[in-house]
Amino acid sequence: MSSSVNDLIVADPPQSCDVELVKGPWEFDSVPGYGPGCSEDDVMPVPAVRPGQLPSAYQKMTDADLHARIVAAKEALGDKLVILGHFYQRDEVVQYADFVGDSFQLANAALTKPDAETIVFCGVHFMAETADILASPEQHVILPNMAAGCSMADMADENSVEHCWEQLEEVYGPLDEQDADGKQPIIPVTYMNSSAALKAFCGRHGGIVCTSSNAATVLEWAFERGHRVLFFPDQHLGRNTAKAMGISLDDMPTWNPRKPLGGHTEAELDAAKVLLWNGFCSVHKRFTVGQINKARDEHPGIKIIVHPESPMPVVDAADASGSTDAINKFVQASLPGDTIAIGTEINMVNRLAAQYPDRTIFCLDPVVCPCSTMYRIHPGYLAWVLDALVEGEVRNEIIVPDEIAIHAKIALERMLAALPK
């Protein structure tokens, strides 16, 4: 069994992006921000990430005490509770999940438990929002630590996207109207890693949500209905997906929300097929072609797969790219003795290495740097919210306002119908 990511950081601090990560998140949750391990490229939005909270009694509990409380609470709550855990979640938490998967799988998993009174989402804020939108009105959705946000999701805020839409209307004309071919000038597509407000924006304007699993299917859907696509917030997923579909890079300008017309001329926008928002994942941005070349030099015959949130040169240099579920299946299909380098979040890579000890599996990035916001979910927070549920109290509930949820659900249901290829 491989050591947990926490153990790896403790064992070799110089190989960690930030040793502060091993501290309890409550030590820095009182200060708005992404916390230890975040990238210097992650610029905090306004308003900032919600600070977390945890009573001191839970901060002082041992790992054994927290484990006992979580297990007891799960047993007491039974089928009234379902715990969802993302692939990137730390081992110390994901061990309690009833479902483990990527954002697409977990969105579907929540729908399979309509009788569960409470969904506890061990992930980040936008994931819990999605679960609340798709859940029945009687169900409660809980995020154990309210400070577990997402720097990528925060790179596209509602005001910036609305302003972008207004500028595009000046170039393309009325954006919600169809031409003689039955197509809109442009269709908005938001990655799952975005706020409920932006999902609602897509729902209002004939758009759709995508995940890394079904991004190609979603782009095909969008081009059946529009001449162009506005893709946000992750430029890399949009670029890699559109390029694989045969769209030229010249037809995919990057929209900079801080510049008029995104930094382009009207002629450039008129010729565009996909407008890519200038956003990214700080974890996947760390992967480089140099890391791939080094892995090939040191391990002849190695197989390399990366997540499509990685920069295009990295995706092009790898043997394969795909969602976290696709990465999981890639490893499942490998053979004993294979050596596999993976370009995605370290918790998932570490878990796969433990699951397949007869293979050599390692992360392309030699620096142990987990998703800093996902890492804010800690057993202490999970025990705290579960203990409250046993007593009949719902803590840290995520509630998406009806006026947002109605339109966001339209875009999400379109996503769920767009099955991955």
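Buried means under 20% relative accessible area, exposed means over 50%, and partly exposed lies in between, with a 1.4 Å probe and protein chains only. The model is predicted: local features need pLDDT of at least 70, side-chain atom pairs count only at pLDDT 80 or more, and totals for chains, interfaces and linings use all residues. Residues are numbered from 1 along each chain as its sequence is written, and side-chain values use heavy atoms, with hydrogens and water left out.

**Figure 1. Overall fold of the protein, with 17 helices and 13 strands.**
Helices (H or I, at least four residues) and strands (E, at least two) are DSSP runs numbered from the N terminus. The C-alpha atoms fill a box of roughly 65 × 55 × 35 Å along the principal axes.

**Figure 2. Burial and contacts in the protein.**
Of the 421 residues, 58% are buried. Contact means heavy atoms within 4.5 Å. Among contacts between residues at least 6 apart in sequence, 67% join residues at least 24 apart.

**Figure 3. The disulfide between cysteine 17 and cysteine 369.**
A search of the whole structure finds one disulfide, defined as a pair of cysteine sulfur atoms within 2.5 Å. The S to S distance between cysteine 17 and cysteine 369 is 2.3 Å. The torsion about their S-S bond is about 85 degrees, so the disulfide is right-handed. Cysteine 17 lies in the loop between α1 (5-11) and α2 (56-59), and cysteine 369 in the loop between β13 (360-363) and α16 (379-390), so the pair ties together parts that are 352 residues apart in sequence. Cysteine 17 is partly exposed, at 28% relative accessibility, whereas cysteine 369 is buried, at 8%.

Cysteine 164 is buried, with 1% relative accessibility.

**Figure 4. Surroundings of cysteine 371.**
For cysteine 371, the closest cysteine sulfur is in cysteine 281, at 6.6 Å, which is too far for a bond. Cysteine 371 has a relative accessible area of 17% and is buried.
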